[in-house]
Amino acid sequence: MLLLGILLFVLAVVIGLPISFALLLASAPTFLTGDYLPTSIAVQKMVQVTQSYPLMAIPFFVLAGNIMTESGIARRLVDFSRVLVGWMVGGLAQVSIILSLLMGGIAGSAVADTAMQSRLLGGPMIAKGYSKGFTAGVIAYSSIITATIPPSIGLIVFGFIANVSVGKLLLAGIIPGLILTVALMGYTYLAARKMGYGAEDVELPTWGDVYRSGKAAFWALMFPIILLVGFRFGFFTATEAGAFVIVYALVIGAFVYRDLKWSNLWSALQQSLSDIGMIMLIIIMAAVLGHVIVLEQAPTRLASALAVLSDDPTVTLLLILGFLVVAGMIMEATVNVLLLTPLFLPILQAQGHDPIHFGVLMVTIITMGGNTPPIGVGMFTVCGMLKVSIKDYIKGSTPFLLVMLSAFLFMALVPNVVTWLPNQMMGK
C-alpha cells in the first residue's frame, strides 16, 4: 500500500494538485483498502498534530516577520547592508548576501527572502550590468542563509517532529549561516572581479557611516541578539519568544520607527493568515501520511537497506544527505522535513549522530532544493519576478550550488561546527 501511495503522490504533484492534498491522497490506499486501520484514525491524527504547544512558534514567528517587513525594518537593513559591503567588488550582489544574513531573523523563510530581494535588488543589479542568470543565482542561493538563522521555520518544524530542543536548533543554525555567508561572498567576489561587476556607487564607509546606519537599524539588529540572550538564560522558550517578538515588532514599528500604520498591520495580518494556513494544512496532512509510513515499517526497511550499503556512520550520513539533495529538488522543504525526519533520524541516532547536527544540515539542504529544477519554488519565484529563463538561471546559479554543497560537506564532516554554540550556551 505504501508503494501505491507514493505513486499517487508523485502523480498528484505532476498534475499540479496542491501539496497538502497530494499528501492526503498518498495516505488513502492504506486507509481505504486495509482492514486494520479505520478512517477515523486519520481524523484523529489531523486533530492530534495541532494540539502541540511548540508548534505555536510557527504562527507567532510568521506574523512577527510580516509585521517587521511592513514596519520599515527591511528597508533599514537594506541601507545598513549597502553601507557595509556596497563598496566591494560585486557590491549589490554582496548586499544581497548580507541582507539575507540580517533578514534571517525577520523573514524566517527562504522563499519570502527571495521574493523581497527580487523586488529590492534584482532590477538594480540587472540595470548595472549584472547578467540575469548571475543576479537570479545570488539572490536565490543567498536566501538559503535565511533558513539557518533564527527564527528558521524549518528548524522549528524539525524540532517538533524530532522532539528535540527548538532553542538548541535555532542556536545551532547561527554558525552554519555565517559559514554560508562567507563562502558565498568569497565566490561572489571572485566571479564579480572576473566578469567586471564593479562596486555600487558608494565610497568605502567610515566608522561614522557604519555607526549612523547601524543606529538607524539598531532595533532591527537587536532582534537576533534578544533571541540569543533569551534562549541562553532561559527567559523564554521558542514558542514564548515568538509571542514576545510580535509585541516587540508592534512596539518598534508603531512607536519607534512610526512606519506601522493600520493599513500596514492589516496587510501583515492578511499575509500571515495565508502563510499560516498553508503551512498548517501541510503539517496536518503530513501527520496522517507519517502515521502510515510508521505503520508500514518503512524506517525499519530503509535502515536495513542502508546497512547493506555501509555500516560506517559517516558514510551513512553522507548517503542520507545525498538523498536529501535529490528530495529537495522534487518536494517542498516543509513536506520533506515532515516525511523524511521519522525515516532517517532513528537510523542516524542509532549510529551515534547528534540530532541537532542532522537537523540543521537537513533543513538547509532541502531548502536549497527549492532553488533547483524541476520543482523549485524559490527558482520559479526569482525567475518569474526577474523574467529570467530557466536556461540562464541554471547557467548563472550552478557555481553557487557547488559552493553550497562544498560548505555542507565541510559541516557534515566537522559536526562541532554546528553543535558547538548550542552546547556552550545551553549544555549538552
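Which element contributes the largest share of the nonpolar patch? The largest share, four residues, is contributed by α1. The structure is a predicted model, in which local features require pLDDT of at least 70 and side-chain atom pairs are counted only at pLDDT 80 or more, whereas totals for chains, interfaces and linings use all residues. Residues are numbered from 1 along each chain as its sequence is written, and side-chain values use heavy atoms, with hydrogens and water left out.

The nonpolar surface patch covers about 790 Å² and is made by Ile-6, Val-10, Leu-11, Val-14, Ile-15, Leu-17, Phe-21, Leu-25 and Leu-281. Two or more residues are given to the patch by α1 (2-14) and by α2 (19-33). Patches consist of residues with over 30% relative accessible area and no salt bridge, like charges being joined within 9 Å and nonpolar side chains (Val, Leu, Ile, Met, Phe, Trp, Tyr) within 5 Å. Accessible areas were computed by the Shrake-Rupley method with a 1.4 Å probe, and for residues only the protein chains shown count as cover. Helices (H or I, at least four residues) and strands (E, at least two) are DSSP runs numbered from the N terminus. Leu-17 is located in the loop between α1 and α2. With a relative accessible area of 33%, Leu-17 is partly exposed; buried denotes under 20% relative accessible area, exposed over 50%, and partly exposed the range in between (1.4 Å probe, protein chains only).

The largest nonpolar core contains 130 residues, and those with the most contacts inside it are Leu-23, Phe-158, Leu-324, Phe-358 and Tyr-393. Helix α15 gives the most to this core, with 14 residues. Such a core is a set of buried Ala, Val, Leu, Ile, Met, Phe, Trp, Tyr and Cys residues joined through side-chain atoms within 4.5 Å. When neighbours within four places in sequence are left aside, Leu-324 is in contact (heavy atoms within 4.5 Å) with Leu-340, Phe-344, Phe-358, Met-362, Ile-365 and Ile-366.

Two salt bridges were counted, each defined by a side-chain nitrogen of Lys or Arg within 4 Å of a carboxyl oxygen of Asp or Glu. In one of them, the side chains of Arg-76 and Asp-259 meet at 3.0 Å, N to O. Arg-76 belongs to helix α5 (residues 73-85) and Asp-259 to the loop between α14 (238-256) and α15 (262-295), so the pair ties together parts that are 183 residues apart in sequence. Arg-76 is buried at 15% relative accessibility, whereas Asp-259 is partly exposed at 25%. A salt bridge is also formed by Arg-212 and Asp-209, with the closest N and O atoms 2.7 Å apart. Both residues lie in helix α12 (residues 207-216), three residues apart, about one turn of the helix. Arg-212 is exposed at 53% relative accessibility, and Asp-209 is partly exposed at 29%.

Seven aromatic pairs were counted. Rings of Phe, Tyr and Trp (its six-membered ring) pair if their centres lie within 6.5 Å, with planes under 30 degrees apart counting as stacked, over 60 as edge-to-face and the rest as tilted. The ring centres of Phe-218 and Trp-219 are 5.0 Å apart and the planes stand at 80°, so this pair is edge-to-face. Phe-323 and Phe-344 also form an edge-to-face pair, at 5.4 Å centre to centre and 75° between the planes. This pair links distant parts of the chain, with Phe-323 in helix α17 (residues 313-330) and Phe-344 in helix α18 (residues 333-350), 21 residues apart. Phe-323 is partly exposed at 44% relative accessibility, while Phe-344 is buried at 4%. Ring pairs also link Tyr-130, Phe-134, Tyr-187 and Phe-400 into a cluster.
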